[in-house]
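My notes follow the order in which I checked things.

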Amino acid sequence: MIVKKLIEKIEGDAELDFSFNEGKIEDVKISFALYRGIEGILAGKDPRDALVITPRVCGICNHAHLITAVRALEDGYRHAGIDVDRQSPSYQRVYFGM
Amino acid sequence: LILDGSFRKTGFQKLGREIYDVVMTYAQKAVHVITLGTCATFGGIYREGDPEHITGFCFNETEKTERYAHFHNKLISLPGCPAHPKWLSFVLMALARNIPIPLDEMHRPQELYASTVHAGCVRNEYFEWKIDTKGHGLKEGCLFYENGCQAPYTHGSCNKIPWNEVSSKTTVGTPCFGCTEPTFPKKGLFRTSTNMGIPGEVPLGIPKRAYLTVTGIAKSFKIKKFEERMITYDR
């Protein structure tokens, strides 16, 4: 027997495909129907545009995506020898705290 | 029916059914179709993932899609990335009470989108005198001249209906990214593309000649107050 179940509470939606054997779960396949390709969308843009585009991947967890973009940019600045550590970490802690 | 997210005809299935079929079934039954957000309205950010197949529901950027002919009589566009919850409640309340909602050519409620995001901006004095800010997050300075602010030509009411009832991008010192526009997202959102020091795109509805004349006059004055901090903490 196969039961399909939608996962509704995530952005982008996923589907679980259960196979049962004698009342026990034998296998579960997870499939994501939606691929939006945000990395490809960012290609060729000003790096700072990632601060606007990346968080829009999700309306619920946009902060996590934004911080990821911030950290990637900061790494880039650090490699270029620019000091970004003076203020940024404390801002990030406040941001996550909220 | 409220639609969100950009739109593709094939290749997006849920429980083995194309979402396109589900959407079309309900859109035909619905009395009103509201496209909520820039993706659903114009295609938005995710249109860029596959511009040949991904569009908004009734618009592909500014072009009308094949669905426009079927649904334009019941279409209400609420672009914005994101759309403000109050924009949606404004429309739903008006529909519930049978109050007519005047729409523009993109089917946006004029009550919400007739003016620009620039209207009500707290930095208007700096805008008038062409003084740009020295950095993000400062109280002083305009963001239009160097920092990419698109508020003067972006339809929306972010500075009239604030976000979380308190603030907006330009209030805190971040440029407006033009997220309600069919052209969103443009490239280079944090810098203004200029032509001989003048922003390439001038405020909505203002003839370029008029804008350049006023700019020339405003820039010829040096005003002391604009060179100082607004609030001094160390006095």
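This is a predicted model: local features need pLDDT of at least 70, side-chain atom pairs count only at pLDDT 80 or more; totals for chains, interfaces and linings use all residues.

I began with names: helices (H or I, at least four residues) and strands (E, at least two) are DSSP runs, numbered from the N terminus. Residues count from 1 along each chain as its sequence is written, and chains are lettered from A, ligands numbered from 1, in the order in which they are written.

**Entry 1: loops of chain B**

I looked up the cis peptide bonds here. The bond from B:C81 to B:P82 is cis, with omega near 5°. I found B:P82 in the loop between β7 and α5 (85-96) of chain B. Another cis bond joins B:F184 and B:P185, with omega about -5°. B:P185 sits in the loop between α8 (169-172) and β8 (194-195) of chain B.

Then I checked phi. B:H107 has a positive phi near 70°, and this residue is not a glycine. I placed B:H107 in the loop between α5 and α6 (110-113) of chain B.

**Entry 2: the sheet in chain B**

Two strands pair if DSSP finds at least two bridges between them. In which order do the strands of the open sheet of chain B run? I read β1-β4-β7, three strands with parallel pairing. β1 and β7 of chain B are at the edges with a single partner strand each, so one side of each has no neighbour in the sheet. Neighbouring strands are turned by 20° against each other on average, direction ignored; for this, axes are lines fitted to C-alpha atoms, for helices over the stretch in contact, and angles run from 0 to 180 degrees between N-to-C directions.

I went through the pairs next. β1 (residues 2-4) and β4 (residues 33-36) of chain B share three bridges. There, B:I2 stands opposite B:I34. β4(B) and β7 (residues 75-78) of chain B share four bridges. B:T35 faces B:S77, and B:L36 faces B:L78.

**Entry 3: a hairpin in chain A**

I turned to chain A. Strands β2 (residues 14-21) and β3 (residues 24-31) of chain A pair in the antiparallel sense over seven bridges. A:L16 stands opposite A:I30 in β3(A). Two residues lie between the strands of this hairpin, and A:E22 takes a positive phi near 50°.

**Entry 4: where the chains meet**

I then looked for salt bridges (a side-chain nitrogen of Lys or Arg within 4 Å of a carboxyl oxygen of Asp or Glu). The rule finds two across the interface. I looked up the one between B:R191 and A:D46, at 3.3 Å, N to O.

Notes: Side-chain values use heavy atoms; hydrogens and water are left out.
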